[in-house]
Amino acid sequence: MKKIAIVFRRSPFGSTSSREGLDLALLSASFEQQVTVIFVAEGLLNLLSDQQPELSGSKDYIATFKAMPIYDIETILVCETSLTQLNLTSEALQVAHHVASNKQISQALTESDEVLVF
């Protein structure tokens, strides 16, 4: 079993990057890979509740992030520094997660066999 870390660092709007990352996370987990998902910088915006991506011409895939536990993706890290920089609270995010320090995120990346950034 490979340990895969998928890092979301881009906003969900303006590109398909986040959707592609989510698809890869769910697909990898369905093939019994150990997936760690990490949200940093504008990637945290993927987890905000009550979004309406269709207003910007995007497909509504945001709710699919809630399916990660169903796929046994249990390690979901949110960057503490990014939360502060974006003036967000942990409660504003729709998925159960662990707020992680930069050191904890670095450790998770180091322990992974592969790191993919979206």
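The largest pocket of this predicted model is lined by Met-1, Ala-29, Glu-32, Gln-33, Gln-34, Val-35, Tyr-71, Asp-72, Glu-74 and Thr-75. A pocket here is an open set of points on a 1 Å grid over the protein atoms alone, with protein on both sides within 12 Å along at least five of seven lines, and lining residues have an atom within 4 Å of a point. The lining divides into 4 nonpolar (Tyr counts here), 3 polar and 3 charged residues. The volume is about 160 Å³, taken as the space filled by probe spheres set on the points.

Residues are numbered from 1 along each chain as its sequence is written. Local features need pLDDT of at least 70 and side-chain atom pairs 80 or more, while totals for chains, interfaces and linings use all residues; side-chain values use heavy atoms, without hydrogens and water.

Now to the sheet: 5 strands form an open sheet in the order 4-3-2-1-5, with parallel pairing. Strands are DSSP runs of E of at least two residues, helices runs of H or I of at least four, and two strands pair if DSSP finds at least two bridges between them. Strand 2 and strand 3 pair over 4 bridges, with Val-37 opposite Ile-76.

| Helix | Touches | Angle |
|---|---|---|
| Helix 1 (residues 17-30) | strand 1, strand 2, strand 5 | about 160 degrees with strand 1 |
| Helix 3 (residues 102-110) | strand 1, strand 2, strand 3, strand 4, strand 5 | about 100 degrees with strand 4 |

Terms used: Contact means heavy atoms within 4.5 Å. Axes are lines fitted to C-alpha atoms, for helices over the stretch in contact, and angles run from 0 to 180 degrees between N-to-C directions. On a 1 Å grid over the protein atoms alone, a cavity is a set of points where a 1.4 Å probe fits but cannot get out, and a pocket is an open set with protein on both sides within 12 Å along at least five of seven lines; lining residues have an atom within 4 Å of a point.
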